[in-house]
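Work through the exercises below with the structure open beside you, and try each task before you read its solution.

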Amino acid sequence: MTALDRPQPRPRRRAVLTGTLAFGAAALLPLAAPGRARAATGPVIADCAAWGARQPSSPVKILATPPQKIIVHHTADPNSTDYSQAHAFALARSIQAYQMDTEHWIDTGQHFTISRGATVMEGRHGSLAALQGGTRQVESAHCTGQNTVAIGIENEGTYTTVDPRSVQYAALVELCAQICRQYGLSAYQIYGHRDFNSTECPGDRLYALLPQLRQDVAARIGGDATPPVWPVLATGNTGERVRTLQLLLNGRGAALTADGDYGPATQAAVLAFQNTMHATPDGVAGLQTWNQLAAPARQGDSGAAVEAAQRQLAAHGIATDVDGAFGPGTAASVARFQTTRSLPADGVVDARTWSRLVA
């Protein structure tokens, strides 16, 4: 487990913030209707000022790019029966204190937190404003290898042997749907922490709920909830899938000969990449390895990953120049392939398109 998923120390003093909150001092998103009911566009979210956050120890980095996915966590705290807002705000403060004082992070690691009482809170400063804008994100610290491309949601509790409370799950559905709407994400782009790093997070029971979570979010925003499915490659495998793996590794700093042969050099490169990404270090290219490697490739990109996509398109019988440059011709070829696989024909090699190419 990572530091984010360890039980957090509790503060001795709790404070309750009440009354009408104005954005910039203490705010809710969306602005609550009378009675503070949740609006149809998403859950009410308490910002950092509302729960009494400390200021970050150094400036939080705002990235100019939107996120590509959502990653679900559990806090691994005891499953509290205190469902009050006061408890939720104390939880947020204790998470921040642990991560700043013990882990020496600049602020809370995740973007948002949901208490067992279904209070939804901003985590790292700036996350709420970025969500409202819908075009930028805050660099985070919730999942190694994904902190510049994924929104992290912490769910209070430990969900190894029990499910989250129904109201907490409902709040998670609402929050994920709102994030997807704001950033143009699809429901299939919702993952669990263990899909990327060697961890038990978000617990067996919450992880088992992720297919239902995707379906419930898709019911609100539309689209297909089917996530990527990856092959498992290991020593002795050969072929275009292995060449794709080798090229993607080269795009992350390896220096492999892309010969389509999963030999000792490829195994060593996979193992080194897994260690860097805090994935399970077994030298086998499975779920975590592919999820970490399969960054979107789109028009204007160039390099080893583009070459890998072009080679796969050609192997699937779609005429494509293999030159490592993602131009209009490659985009058109990607769109043709996506049409054959009943995927949105947007010409972008996203994770699900990568998974169909290497299936």
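**Exercise 1.** Which residues lie nearest the centre of the largest pocket, and how many residues line this pocket?

*Solution.* Keep in mind throughout that the model is a predicted one. Begin with the lining, which is made up of 28 residues, and then look towards the centre of the pocket, where Gln68, Gln189, Pro296, Arg298 and Asp350 lie nearest. Next, sort the lining by residue type, which gives 14 nonpolar, 9 polar and 5 charged residues. Finally, ask where the lining comes from: its largest share, 3 residues, is supplied by helix H12, residues 351-358.

**Exercise 2.** Find the residues of the largest nonpolar core that touch the most other members.

*Solution.* The core has 37 residues, and those with the most contacts to other members are Leu245, Leu249, Trp290, Val349 and Trp354. Among the helices that each supply at least two residues of this core are H8 (264-277) and H11 (328-340), while H7 gives the most, with 5 residues.

**Exercise 3.** Classify the aromatic pair formed by Trp230 and Trp290, and explain what the pair ties together.

*Solution.* First take the geometry: the distance is 5.5 Å centre to centre and the angle between the planes is 5°. Since planes under 30 degrees apart count as stacked, the pair of Trp230 and Trp290 is stacked. Then locate the partners: Trp230 is in the loop between helix H6 and H7, whereas Trp290 is in helix H9, so the pair ties together parts that are 60 residues apart in sequence.

Methods: Residues numbered from 1 in each chain as written. Predicted model: local features only at pLDDT ≥ 70, side-chain atom pairs only at ≥ 80, totals over all residues. Heavy atoms only, no water. 1 Å grid on protein atoms, 1.4 Å probe; cavity = no way out; pocket = protein on both sides within 12 Å on 5 of 7 lines; lining within 4 Å. Helix = DSSP H or I, 4+ residues; strand = E, 2+ residues; numbered from the N terminus. Nonpolar A, V, L, I, M, F, W, Y, C, P; charged D, E, K, R; others polar. Core = buried A, V, L, I, M, F, W, Y, C linked by side-chain atoms within 4.5 Å. Buried < 20%, exposed > 50% of the residue type's maximum accessible area, 1.4 Å probe, protein only. Phe/Tyr/Trp six-rings, centres within 6.5 Å; stacked < 30°, edge-to-face > 60°.
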